[in-house]
Amino acid sequence: MAITEITLMLMRGIKVTLIVLVLSIILSSLIALIAGLSRVYHNKLLTGFTGFYVEIFRGTSLIVQLFWFSYALPGLFNIHLGSDIWVAVLAISLNYGAYMSEIVRGAILSVPQGQTEASIALNLTRFQRMRHIIVPQAIRMMLPEYGNYLIQILKATSLVSLIGLTDLLYYGNIYRSTHLTEAPTVYMIILLLYFLLALPLIGFTRKMEKVAKKGVVHG
Amino acid sequence: MEEPIVQYKNIRKSFGDVEVLKGINLDIMPGEKVALIGPSGSGKTTIIRLLMTLEQPTGGIIEVNGENLWLMQNKKNELVEADDKHLRKIRGDIGMVFQHFNLFPHMTILENCMLAPTIVKKKDKADVKKTALEMLDKVGLSDKVDLYPSQLSGGQKQRVAMARALMMRPKVMLFDEVTSALDPELVGEVLEVIRDLAKAGDMAMILVTHEMDFALDIADRVLFLNEGTIEEEGHPTEILVNPKSERLKDFLTRFTNSR
């Protein structure tokens, strides 16, 4: 059966797709949190630097960034980022971290001023204010949009075949190149597999929308 | 002679081009209850926000226990702007209750009360919990401790806010129009708690309020503010029953008529 054969072939690529996805989610979330916090921190140098980073990575395309990290940096400066997987994870994380830092920043700024004032009145330090009052409330507000970005990151992982990573799409293309007539079946199964991978992320986003609507997680 | 716990010395405050405080001199004695009244925009809220370090004065000196709040001496003995550490040391004696409660919505009532003593004063968690439960019992909320602020009425929220502020054992407590955001039928329960606190004695209180009868009842002294200056001050009966200045008479008449 062609369908079983194709699916088995594609399964060999799912591992790479998943690894890139999970690592990119972790790294981009960290980058987003740090960059988002830096942009609301009252320090011109820090704010300026992160602002520059965000605009550079938002303003250029992810494919070009992938090629840069993969081919241009090693050629120009002799910088080698290690394995291709790390190149891919780094490019995707820096790109999406830049976008996501904006939602972190927006959420932090949208926590009412009264919360800061109450924390000052209770004599919390700046760090304690952020850690216990502002960030927990900001995270709650930004979760629905965060979920959306996770789905986008999944879709972005399909670009990594362009720098030679053997992911889901890569194996699909390989199969198609030797079985030209089965192209529709191959790409139908690829679509389906990506959708299956996205389902938990979609579920997460839905759930977070409910949480954010309530404003407070009960219990 | 007892020393004042708080002193305002020629305090000025401008927001942009607007000067809202034009040289305030004010001494608060330990345990004294002072009510600030006056039309909106007269600067009464700004006075207490300066003491809570939520705003910085444009001129003048505020002292708490004889220590300068907004200025400190650096290593060369020069007077410089206070840093966060200095502000935190001085404002530890001050607490505040806000018009809009400002409870932490992501924490239960009990957690709201326990947070600051645990992480700021680094007290033992079990002890803090015991005190918090006692405090919440005092304000009549012992059956609500595990609820979230969104599940409470305005009056209940404000009573939690008071319990939370009291947990830090301030020597001076500031009340910023604490009943203004409440439905009329909920005002009484909040005033009652404040009255109990006032009767209990040793904590100084500065209340910005529109509740004249209440001010008359609990305050040792009433200050009438108008356009950034203290227009008249004295014993509550003196101010509220026998006002001297035309502006104060005006204010009180308009106030009574509007009720």
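I began with α6(A), which gives the most to the lining of the largest pocket, five residues. Helices are DSSP runs of H or I, at least four residues, numbered from the N terminus. A pocket here is an open set of points on a 1 Å grid over the protein atoms alone, where a 1.4 Å probe fits, with protein on both sides within 12 Å along at least five of seven lines; lining residues have an atom within 4 Å of a point.

This is a predicted model, in which local features need pLDDT of at least 70 and side-chain atom pairs pLDDT 80 or more, while totals for chains, interfaces and linings use all residues. Residues are numbered from 1 along each chain as its sequence is written, chains are lettered from A in the order written, and side-chain values use heavy atoms, without hydrogens and water.

I noted about 850 Å³ for the largest pocket, a volume being the space filled by probe spheres set on the points, which are joined across faces, edges and corners. Of its 28 lining residues, H42(A), T116(A), R126(A), R129(A) and M130(A) are closest to the centre. α2 of chain B is among the elements that give two or more residues to this lining.

Next I looked up the interface. Chain B puts 28 residues and chain A 22 residues into the contact, meaning heavy atoms within 4.5 Å. I found one salt bridge between the chains, that is, a Lys or Arg side-chain nitrogen within 4 Å of an Asp or Glu carboxyl oxygen. R49(B) and E117(A) form a salt bridge at 2.7 Å, N to O.
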